[in-house]
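Have the structure open while you read.

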Amino acid sequence: MKITVISRQVKAGEELRQDFTGIEAAIRLKEKTDAEVWALVMGEETEAVKQVRDAIAMGADGGTALVPFFAEEVNGGAEQASGVADTWIFAEAFAAVLKERDFDLIISGGFPTDGDTVPQGLLTAALLGIPAYSHVDKAERAESGKALRVVRKLEDRSIALESELPCLLSALPHREAPIYKTMPGINRAYAAEIETLRVELRAEAGKLSLLGTSAAAVRKRGETLSAVSTEEAVNTITARIAARHLL
Amino acid sequence: MPDKRQGSILLLLEEKNGKITKLSAELAGGAAALAASCGRTVSGFLPVGESELSWRDVITENAAYLGLDRLYTAVGLDGRESRRTARAAIAAVKREKPALVLAGSTPFWTAPVCEVAREMQAALLCDCSGASAYGESGILLRRPDASGSVLCDFAAKDDRPAIATVRPGTFAAAQGGPQREKRAEIIFLREGSDYQTQGTGEHFLEEIFSRRKDKDISRARILVAGGRGVGGPKGFEQLRRLAELLGGEVACSRACIEAGWAETYMQVGQTGKTVRPELYIACGISGAIQHVSGMKDSAYIIAINKNPAAPIFDVADLGIVASLENVLPPLIKKLEEEKGE
């Protein structure tokens with residue numbers, strides 16, 4: 001089974017948010033079935049190449065760094081500048097890359113990055129015309145062979161389903177059982193030549209216009225007690241809770 | 001004036017055991033305010049499961065409660081097969097031709113909204129923090145950027161429809177009640193004639209119920225939240241005891257999920273839940289913007305942190321600079337004494 005994992009790095013202010021949810025899900029599936037895992041990481045070149053190497057160190061067979069660029073400015077560059085973009089633009093860019101690839105399964109993640117990266121994977125599948133499932137907790141090859149057994153985690157229960165292939169799974173993180181890099185993996189990762197692909201983002205694929213931005217309202221700082229006795233701290237806390245009729 | 005029918009707001013709703021979910025009531029509350037300010041009507045689509053209940057009564061009651069003009073419904077869609085749900089939702093959207101589709105950011109709707117967006121060629125904006133009227137008849141959608149410190153206002157390009165998802169706690173729930181006299185038009189969508197379910201590629205196998213019940217922290221009046229400063233799973237035992245004494249629930253920051261100290265459903269913040277309880281007690285939480293964006297609308301915030309420079313103090317109504325070990329045990333003891341335990 002050929003598995004392609006898609007992820008996009010997101011900048012939140014100075015912080016770079018990377019998403020290993022998809023790659024971890026792919027490695028877990030690879031441990032149970034014969035599979036080849038390829039990581040497609042979209043982001044700034046140096047960081048994207050680094051994440052592809054991390055994916056290989058964790059067990060991926062290889063990967064490609066996708067370096068996005070806008071052929072033209074969107075909203076005078078405002079959208080790029082604010083780090084905000086349109087799910088459609090990225091989904092279309094991923095779909096264009098995937099159309100050129102051979103895959104049985106696509107896995108996306110996105111929960112550790114931002115609200116856009118989950119729908120971005122699902123919309124990519126919709127553009128490719130393949131089934132897509134969100135909140136996927138587990139996947140394994142179905143007994144029938146050609147299909148996949150998928151377990152989705154809903155709020156009050158889990159649902160097991162069988163999906164035809166190819167399809168896309170939007171995976172949930174398994175924080176209790178992370179996939180670690182291995183020594184042979186790290187050696188392979190640094191010996192590997194990582195391919196970089198420049199991917200054009202089409203502004204006209206976007207369906208939102210940015211009207212403006214403003215600073216988020218800042219909550220006013222209240223009273224801060226430092227160097228108070230434990231007794232005073234406890235009494236102040238209970239008094240404040242009681243004053244709000246919550247005791 | 002926009003054509004009322006063409007430009008309605010369509011809500012993608014959810015029910016559980018015949019009762020509309022709290023998040024669905026919140027969507028209706030937000031949509032009612034928006035509709036009033038831009039002269040539009042509100043419709044809904046409520047897929048329902050198979051059950052002994054008389055769905056027509058339940059649906060009629062819910063539609064009136066939520067103040068809807070029209071309610072589309074389809075039977076036999078209880079979230080087991082999300083692609084069938086998507087097909088039915090697309091049928092509702094094609095009939096209604098709304099200007100805005102609003103859905104909750106839930107496992108039920110996350111995948112279907114993307115199929116709806118693809119079908120409608122609609123703008124898609126997830127985890128919005130607000131929606132308001134804009135210009136003559138436009139709808140403005142607001143969402144913080146990834147850092148949470150900048151609010152971005154969007155509108156759908158070229159008068160195309162928009163789909164927005166919102167997390168729990170974004171809007172105040174619709175009040176409903178007997179003052180609602182409007183009777184909604186109920187439209188049953190039938191599998192086969194209104195929407196097709198062949199060729200989805202998805203086959204339901206089984207439902208799995210876990211013994212552990214995830215709590216909905218967005219419903220809690222009081223939250224006791226832990227961060228990295230809690231130190232480990234043992235520290236959470238203390239928070240649980242405090243929450244129990246206060247009649248609240250335990251929440252946490254992302255760091256605790258990554259450390260494996262807490263369950264995913266407990267996470268507050270940008271990648272977790274948005275909460276607005278009456279009291280939020282932040283224990284050992286530094287107050288990174290991603291966390292604060294999910295709790296800053298709490299009515300009252302108490303922060304306990306040993307680092308006097310922790311940004312959590314900037315949003316707290318009461319800040320205590322102290323280590324948790326010094327404050328929590330005596331606080332728990334005092335509350336136990338007051339309760340006579």
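1. A definition to start: two strands pair if DSSP finds at least two bridges between them, and strands (E, at least two residues) and helices (H or I, at least four) are DSSP runs numbered from the N terminus. With that in hand, look at Ile9(B), whose bridge partner in E4(B) is Val42(B).

2. Housekeeping. This is a predicted model, where local features need pLDDT of at least 70, side-chain atom pairs count only at pLDDT 80 or more, and totals for chains, interfaces and linings use all residues. Residues are numbered from 1 along each chain as its sequence is written, chains are lettered from A and ligands numbered from 1 in the order in which they are written, and side-chain values use heavy atoms, with hydrogens and water left out.

3. Back to strand E1 (residues 9-12) of chain B. E1(B) runs parallel to strand E4 (residues 42-48) of chain B, with 4 bridges, and also parallel to strand E6 (residues 100-104) of chain B, again with 4 bridges. On the E6(B) side, Leu12(B) has Ala103(B) as its bridge partner. Side chains in a regular strand alternate between the two faces of the sheet. Here both faces are covered: Ile9(B) and Leu11(B) on one side, Leu10(B) and Leu12(B) on the other, all buried (under 20% relative accessible area; exposed is over 50%, partly exposed in between; 1.4 Å probe, protein chains only).

4. Now the interface. Chain A puts 81 residues into the contact and chain B 89 (heavy atoms within 4.5 Å). Strand E9 (residues 158-163) of chain A pairs antiparallel with strand E13 (residues 202-208) of chain B over 6 bridges, and Glu162(A) has His203(B) as its bridge partner there.

5. Between chain A and chain B I'd check the 5 salt bridges (a side-chain nitrogen of Lys or Arg within 4 Å of a carboxyl oxygen of Asp or Glu). One pair is Arg219(A) with Asp317(B), closest N and O atoms 2.6 Å apart. Glu206(B) and Arg149(A) also come to 2.6 Å; Glu206(B) sits in strand E13 of chain B and Arg149(A) in strand E8 (residues 148-153) of chain A, so this pair joins two chains.

6. Which residues are linked in a network of salt bridges? Asp156(A), Arg157(A), Arg80(B) and Glu207(B).

7. Finally, within chain B, Asp127(B) and Arg167(B) form a salt bridge at 3.7 Å between the closest N and O atoms. The pair ties together parts 40 residues apart in sequence, and both residues are buried.
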